Amino acid sequence: MIRLRNVTKMYSNSVVVLRDLNLDIDTGEALFVVGDSGSGKSTFLKLITKEEEVTSGSIEVFGNDVVKMKKKDIPYYRRTMGIVFQDFRIIENMTVFQNVELAMRICRSSTSYIKKRVPYVLSLFSIEDKAYRYPCELSGGEKQRVGLARAIVNNPKLIIADEPTGNVDPSTSYEIIDLLSQINKRGTTVVVVTHDVSVMDKFLSFRVIEIGNHGIQRDSAKLVS
Ligand code: ADP
Ligand code: MG
């Protein structure tokens, strides 16, 4: 599970983004994080991935003490999660296959396993026929499928996605969230920042938290009806 306790984050310009935030995310949960632009959604994700340091408070992610983690352990820590970006961040001069392969090489997978695993993961996202294409030959939705394939190829416990549908059309948005939902149903914890209310409303199994006013403004898990 993921546990944030009394987390405060200020940037060096002493602007408080998050103040005294407490949150538990259970293993296997699917979470949408919403909130106005500038409210701190990306910051929240970066504290979990340790791209940013907390100003105070504690963060535990699957037994790892993220705040006390040593610098040399951060790359290994990040390899336990799959990260999906709004702008895809796939490598332009590598084929689809090579992009996904690279993520496996970084984790020191064997060539024989890569040869089996990459086509399998591409087929999960229906892009096996694009394996030898370059990113410039793909649509936005296909690029994001590559991003998803790369994120799950090493069997992460956690997927973090920061506005993964920010650069695709509405019907593709639905498909991307649906794929994340399927990944979640196979047991992976999924945390997705999104603006996409119309899509969000179609995925009722996701818990929704809203970040605003430096904290959690709303949490669907805590709604009393
Ligand atoms: P969101 O993802 O919800 O749009 P962010 O987490 O990116 O919001 O930003 C939250 C606030 O922190 C904003 O006011 C933003 O300007 C500020 N901020 C983000 N990153 C930095 C940084 N590296 N240095 C200083 N301020 C930052
Ligand atoms: Mg953001």
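Helix α4 (residues 111–124) comprises 14 residues and spans 20 Å from its first C-alpha to its last, close to the 20 Å expected at 1.5 Å a residue, where the expected span is 1.5 Å times one less than the number of residues. The model is predicted, so local features need pLDDT of at least 70 and side-chain atom pairs count only at pLDDT 80 or more, whereas totals for chains, interfaces and linings use all residues. Residues are numbered from 1 along each chain as its sequence is written, and side-chain values use heavy atoms, with hydrogens and water left out. Helices (H or I, at least four residues) and strands (E, at least two) are DSSP runs, numbered from the N terminus.

**Helix α4**

- The buried residues of α4 include Ile114, Arg117, Val118, Val121 and Leu122, buried being under 20% relative accessible area with a 1.4 Å probe and protein chains only.
- Among the elements that cover the buried residues of α4 are α3 and α5, contact being defined as heavy atoms within 4.5 Å.
- After α4 comes serine 126, which has a positive phi, near 55 degrees.

**Largest pocket**

- The largest pocket has a volume of about 490 Å³; a pocket is an open set of points on a 1 Å grid over the protein atoms alone, where a 1.4 Å probe fits, with protein on both sides within 12 Å along at least five of seven lines, and lining residues have an atom within 4 Å of a point.
- A volume is the space filled by probe spheres set on the grid points, which are joined across faces, edges and corners.
- Its lining consists of 19 residues, and those nearest the centre are Arg78, Met81, Ile83, Ala103 and Ile106.
- At least two lining residues come from each of α2 (74–78), β6 (81–84), α3 (96–106) and α5 (140–152), with α3 giving the largest share, 4 residues.
- By class, this lining has 11 nonpolar, 3 polar and 5 charged residues, with Asp, Glu, Lys and Arg counted as charged, Ala, Val, Leu, Ile, Met, Phe, Trp, Tyr, Cys and Pro as nonpolar, and the others, Gly among them, as polar.

**Second largest pocket**

- The second largest pocket has a volume of about 190 Å³.
- Of its 13 lining residues, Lys46, Glu51, Phe85, Arg89 and Asp162 are the closest to its centre.
- α1 (41–49), β6 and β7 each supply at least two residues of this lining, and the largest share, 4 residues, comes from α1.
- The lining of the second largest pocket divides into 5 nonpolar, 3 polar and 5 charged residues.

**Threonine 165**

- Threonine 165 lies in the loop between β7 (158–162) and α6 (170–185), and is buried, with a relative accessible area of 8%.
- Leaving aside neighbours within four places in sequence, threonine 165 is in contact with Ser173, Ile176, Ile177, Thr194 and Asp196.

Definitions and conventions. Chains lettered and ligands numbered in written order. Buried < 20%, exposed > 50% of the residue type's maximum accessible area, 1.4 Å probe, protein only.
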